[in-house]
Amino acid sequence: MPGVPPTRFVFLGPEGTFSEQALKTIPAAARGALTAARSVPECLDALRNGDADAALVPLENSIGGQVGVTLDELANGEPLMITREVILPVQFVLASREARPLAEIRSVAAHPQAGTQCRTWLRTHAPGAAVVDVLSNAAAAIGAAEGEFDAAICAQIGAERYRLHVLARDIADNPDAMTRFALVSRPGTPPPPTGDDLTTLAVYIAHDRVGALLAVLTELSVRGINMTRIESRPTGERLGRYVFFLDCGGHVADLQMGEALQALRRICADVRFLGSYPRAPHSDPPPPPAPGLADADFADAAAWLSRIRLGETA
């Protein structure tokens, strides 16, 4: 129900991963019941089936890019709505069951993406270690805790959960890497506008029309709406059919965003509204609106037109 804080949360597991760490930054989650799911589809199915009030799933990584399975799940099935974004710095640690010199490490468990992001650091500081791919950062921590591997690349929360010694911190080759997560709920009233919001859309263009995507972008541009992200995903219908995911600065309650959504509804094959929600504090601040494109300008123009239609002095 709108206005009722969620109490049952599901997140992409297993426990001890960055997803759980991100979820625990949300105050309501710190007081709620948290359940790990095996996959993004399982997360969102639990939400759709009423077994959870909210789900936290990854949207994109600054190194690896979009999380395709999340976008696909949001574009298909019963509608869901993003109510919050969480941006988490990706800070890997190297952890082991016992304290030991780095030179003695011969095997390191790591999720493939984690291993790739820490490759240069490992080559420099633990050159004798062979990296073994595992299914998740938590699986790496569990393998190290059980003695299957000498060490693991994992999140700090994973090292703490499985009582590992942290041998080194911040071992990622790119210290500014981040992952963006979305807190998703069943459809309801969006969170109120804050003045610094994002709106996410899934847009299906008319593929038989020349310039269809350009028309979409034009409707946003002429209203001064800043598009911060665009991704395409195949619809699964046939080759060459795509759905475009847009992140736009602004809120559905803003006049210019409302006008843009109405325009997209008119010219697109379909539009799925995926939510308006506060921009995460780690994001870059929004650019100031161009002259004539602030919300107050749209309100003034709408009032002026109303006066004309009523025969009043413009």
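Which side chain meets that of Asp 247 in a salt bridge?

Author: The side chain of Asp 247 meets that of Arg 229, with N and O 2.8 Å apart; a salt bridge here is a side-chain nitrogen of Lys or Arg within 4 Å of a carboxyl oxygen of Asp or Glu. The model is a predicted one, in which local features need pLDDT of at least 70 and side-chain atom pairs count only at pLDDT 80 or more, while totals for chains, interfaces and linings use all residues. Residues are numbered from 1 along each chain as its sequence is written, and side-chain values use heavy atoms, with hydrogens and water left out.

Asp 247 lies in strand β14 and Arg 229 in strand β13, so the pair ties together parts that are 18 residues apart in sequence. (Strands are DSSP runs of E with at least two residues, helices are runs of H or I with at least four, and both are numbered from the N terminus.) Asp 247 is buried, with a relative accessible area of 1%, and Arg 229 is likewise counted as buried, at 7%. Buried means under 20% relative accessible area, exposed over 50%, and partly exposed in between, with a 1.4 Å probe and protein chains only. Through shared partners, salt bridges join Arg 229 and Asp 247 with Glu 60, Glu 85 and Arg 180 into one network.

The two strands belong to an open, antiparallel sheet of four, in the order β13-β14-β12-β15; strands pair if DSSP finds at least two bridges between them. Strands β13 (227–234) and β15 (270–278) are the edges, each pairing on one side only. From one strand to the next, the twist averages 15°. Strand β12 (residues 197–204) runs antiparallel to β15 and is joined to it by eight bridges. Val 203 has Val 271 in β15 as its bridge partner.

Helix α4 (residues 68–75) lies across β12, β13, β14 (242–249) and β15, and runs at about 85° to β13. Such angles run from 0 to 180 degrees between N-to-C directions, along axes fitted to C-alpha atoms, for helices over the stretch in contact, where contact means heavy atoms within 4.5 Å. A further salt bridge connects Asp 72 with Arg 233, whose closest N and O atoms are 2.7 Å apart. This pair links distant parts of the chain, Asp 72 being in helix α4 and Arg 233 in strand β13, 161 residues apart. Asp 72 is partly exposed, at 24% relative accessibility.
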